[in-house]
Amino acid sequence: MKVDVLLGLQWGDEGKGKIVDYLAPSYDVICRFQGGPNAGHTLKFDGQKYVLHTIPSGIFRDNIINLVGNGVVIDPITFQKEVDKLTSAGIQYEDRLLIAEKAHLILPTHRMLDAASELAKGAQKIGSTLKGIGPTYMDKTGRNGLRVGDILEPDFMNRYDQLKSKHLGLLKMYPELPDFDLEGEEAKWHEAIAKLKQFTIVNGEFYINQALSDGKSILAEGAQGSMLDIDYGTYPFVTSSSTITAGVCVGLGVAPSKIGEVIGITKAYCTRVGSGPFPTELFDDIGEKLRKEGAEFGATTGRPRRCGWIDLVQLKYTCMLNGVTQLVLTKADVLNTFDTIKTCIAYELDSGETTELPFDLTRPDLQPIYKSYKGWQTSLEDIKAFNDLPAQASDYIIELEKYLDCKVTMISTGPDRKELIPVNA
Ligand code: GDP
Ligand code: IMO
Ligand code: MG
């Protein structure tokens, strides 16, 4: 068996949570492999909406194992809040939610450092979710971090104190400190650590490889999006983990030869939250209409998302990076009332047209070149088969497939689990 991968091809929030929840019954195990509570994955079914940050999106499906993998960074406080919500929703998770022992822990002082760093950057800030992601991955690569497995060791408290002291020293470098109730947050953190000990903590890499040997089907659920990848995203306006397919290998401990299908998700348009370049961003009424129709407000921070047209140059790049074998198009319904729809098919530069993503997406000579389509201007609500789509919608999708050289296998037409059109080959 192989590990299938599902990940975002844009700047995050492509609808990964919804699609993982839809696909989960076809798998035995769903795993997160990177990121942490900066993620906000929304699921909707039976009239209820749930937002997950650390827990994989297979948790609402019976009998499916959900693994928080080695590459994830865990804030025990957020994790406990998510678990409490599952309990209130009557979800039985106890024997289905596993945590990898090598996953790193986010300390309250990591969150303080995140906020202090953003304050110091001023107008140049990343627009971080302030969940402590950057500082935690910095401690991981700096070889100072604390891992989930450490909480069971007798010297854990000493190690916590040492790391906290180091952080307090670093915080002195910053001219301005954020408002932060460190004592209060620490009390919550230690309480949450005590609860974390009651979870099933596993050796993630052995667990996954054994599951593969036992013939179990596994889906790796990406967080963020490929354009936020630490290496290939719009650096420095990125997150601090490998959000691409390669990240699955390091994040779960599986060999590259064990990767199966790679399902890449894109919205029918494009959004970004936080700072950084976004060539097709719209600052006019059309951008506002996309935000309104798409309810584009962050699932983790509530911030309004920046909106623009779909960028095929950008998508071709992320399809290449990830080795995408199937595309999922989400939020197609958001375009229902548009009379014209545009796709960016190339960038105009002083040196000529290009379909290759340049080093600097903020360069002043970069202008997106658009192709316009007539909108379908009808609801997609009751459509359950590709052949029943209005011709303008199916033509638009076929053009995307041609440009990206990849088949669209699912079209999402609303936030609910049921609002989905599977496309058969
Ligand atoms: P994720 O981070 O990739 O899981 O995506 P988010 O949950 O942050 O953002 C996606 C938002 O769009 C959520 O509010 C979803 O409920 C919603 N959504 C997902 N798919 C669709 C769709 O096809 N149509 C519409 N209108 N909303 C969708
Ligand atoms: P999901 O999984 C959209 C963005 C932040 C910021 C940058 C760095 O829901 O798609 P960080 O907190 O990681 O230091 O922030 O990355 N960002 C996301 N944007 N969706 C996400 O996750 C994101 N996670 C981080 O807004 O610009
Ligand atoms: Mg999200």
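Predicted model: local features only at pLDDT ≥ 70, side-chain atom pairs only at ≥ 80, totals over all residues.
Visitor: How is the word "buried" to be read here, and what is the relative accessible area of Cys-319?

Guide: A residue counts as buried when its relative accessible area is under 20%. Cys-319 has a value of 9%, so this residue is buried.

Visitor: How many disulfides does a search of the whole structure find?

Guide: For a disulfide, two cysteine sulfur atoms must lie within 2.5 Å. The search of the whole structure turns up zero. Take Cys-319: the nearest cysteine sulfur belongs to Cys-406 and is 5.7 Å away, so Cys-319 is in no disulfide.

Visitor: Now for ligand 2. Which residues come nearest to it?

Guide: There are 20 residues around ligand 2, and those that come nearest are Asp-13, Lys-16, His-41, Thr-129 and Thr-239. By kind, the shell holds seven nonpolar, ten polar and three charged residues.

Visitor: Which N or O atoms lie 2.5 Å, 2.9 Å and 3.5 Å from an oxygen atom of ligand 2?

Guide: A polar contact here is a pair of N or O atoms within 3.5 Å. The side chain of Asn-38 places an N or O atom 2.9 Å from a ligand 2 oxygen. With Ile-126 the backbone supplies the N or O atom, at 3.5 Å. For Thr-129, a side-chain N or O atom is 2.5 Å from an oxygen of ligand 2.

Visitor: And how much of the accessible area of ligand 2 does the protein cover?

Guide: On its own, ligand 2 has 550 Å² of accessible area, and the protein covers 97% of that.

Definitions and conventions: Residues numbered from 1 in each chain as written. Chains lettered and ligands numbered in written order. Heavy atoms only, no water. Near = heavy atom within 4 Å. Polar contact = N/O pair within 3.5 Å; in protein donor to acceptor, adjacent residues only side chain to side chain. Areas by Shrake-Rupley, 256 points an atom, 1.4 Å probe, with all protein chains shown as cover. Nonpolar A, V, L, I, M, F, W, Y, C, P; charged D, E, K, R; others polar. Buried < 20%, exposed > 50% of the residue type's maximum accessible area, 1.4 Å probe, protein only.
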